[in-house]
Amino acid sequence: MAAERDPTPVSRHDEHKLRQFLAARRAGDAAGARWWWDELVRDNFDRVRGMVILQSRGHLSPTEQDEALQRALIKLTNNMIQTFNGTSMGEWVNSAKKLVFGACVDTQRREQAASKRHTAFDATDAEGYETGRLERDVFKALEKRRQEAEHADESAELDADARGFLDWAVPKLSPKRRAVMELDRENVPCEEIQERLGVSRDVVYASRSRALKDLAKLREEYPS
Amino acid sequence: MTTIEQLVGEFIDAWNAGRRPDVDAYLLRAEPSERDELAAQLMTWLEIAPTPNFDATTQEAISSEPSLTSALAAAADLRAPLAERLSTLRERAGLAIGDLATRLTQLFELDDEPRAAAYLQQIERNELDERRLSRRLLDALAAVLGADRDQLNPSPMALAGGHAFFRAEEDADEWIVEDIDVLSRAALSPAPAAPMDDLDRLFLGGPDA
């Protein structure tokens, strides 16, 4: 069982960076807060990129995925630094996930709108009077999208319950899956997990996969 | 053990070792019929995974990722005052202030282009408080200038006014006195003769106007 492991003497480095950010923000040190926040964004670049790819599979082309990634990173850097009101990396990742989803949806809608606008402008380019009407159409579409995006940003902040979910869900896993998942989340190498739990690598791999499947199901049941 | 279990197991090993596994590459290794399931498990992992403790070389490689560097640069540009961004976007669109005022008044079916132009000039000279601009106006500017709406968001500094994040460090007492003085004078001044019209509300009525 993971519970048998010695208590970790130092906290995780990402939690440390988040605490540094929160402390700088509390102290009114804007430059310090910005520095630590950018560190968090850099450290989590692969996570954000992976989330963009996985959330947009089948909906966005590789070029559009790059755009969505840009959009997500810009929002993470400029918007989430101001709106984030959590205190743990679990909450940070959860907010980032919502923001990534919004960026993917936004990218898809922009592509659709751009395609329609292109067609419409081609059709009426010679008509000077049509420009105002077309701009009004684009404007209305932008207004609608903005309102939806704002709603998505708000819900990203309200739904900062990742830590709560894990506290609730992990104990529901079978003992072996729970032990493997807890050690994985503490960044313990596979060989050490095998040794600690006295199991083979195949068992570790199977337990991981099944635990992730269980967690996905539990998320649907999670009373929010 | 199934292929998915194998792939998820390898992905987590690589992630935790800081070897930066590529999601796309792992998806390609699965049978097409198994990719949705693999994607779902990888997504769950990314939601709960610890951030790897990267070594210096890897950190440098991440910092040099083109998509990261360009996003950080774009984010920094977006933190510039709206005054700078608006004039750049307007010039890029090849519009004079008067042209932009004409388009805006057409869009909102208002007249008084000269007053709209004067407001736009005030924005570009940084003489108008960004926080007073309505979202409708910023949406319209984005539409007319063919810009991404995010490029016209008020700068974070403007939005965070008064927030502890930007707490003053040195001569706060002096500017507080100045602010109180300005507010006192404003309180003692008679109210404007005419209430705000639609055009005023766009530029001065605040985000929701």
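Chain B is split by its domain assignment into two parts, with bounds that come from an automatic or database domain assignment:

| Domain of chain B | Residues |
|---|---|
| domain 1 | 3-64 |
| domain 2 | 78-169 + 193-204 |

The C-alpha centres of domain 1 and domain 2 of chain B sit 43 Å apart.

Keep in mind that this is a predicted model, where local features need pLDDT of at least 70, side-chain atom pairs count only at pLDDT 80 or more, and totals for chains, interfaces and linings use all residues. Residues are numbered from 1 along each chain as its sequence is written, while chains are lettered from A and ligands numbered from 1 in the order in which they are written.

Now for where the chains meet. The contact takes 54 residues from chain A and 57 residues from chain B; two residues are in contact if their C-beta atoms, placed from the backbone, lie within 7 Å. On the chain B side, H3(B) gives the largest share, 10 residues. Helices here are DSSP runs (H or I, at least four residues), numbered from the N terminus.

Over in chain A, Gly102(A) is part of helix H5 (residues 89-124). Is Gly102(A) buried or exposed? Gly102(A) is buried because 22 other C-beta atoms lie within 10 Å (buried takes 20 or more, exposed 12 or fewer, partly exposed in between, with C-beta atoms placed from the backbone).

How far can you trust chain B? Its mean pLDDT, the predictor's confidence in each residue from 0 to 100, is 86. Over residues 161-170 of chain B, though, pLDDT stays under 50.

Key:
Helices (H or I, at least four residues) and strands (E, at least two) are DSSP runs, numbered from the N terminus.
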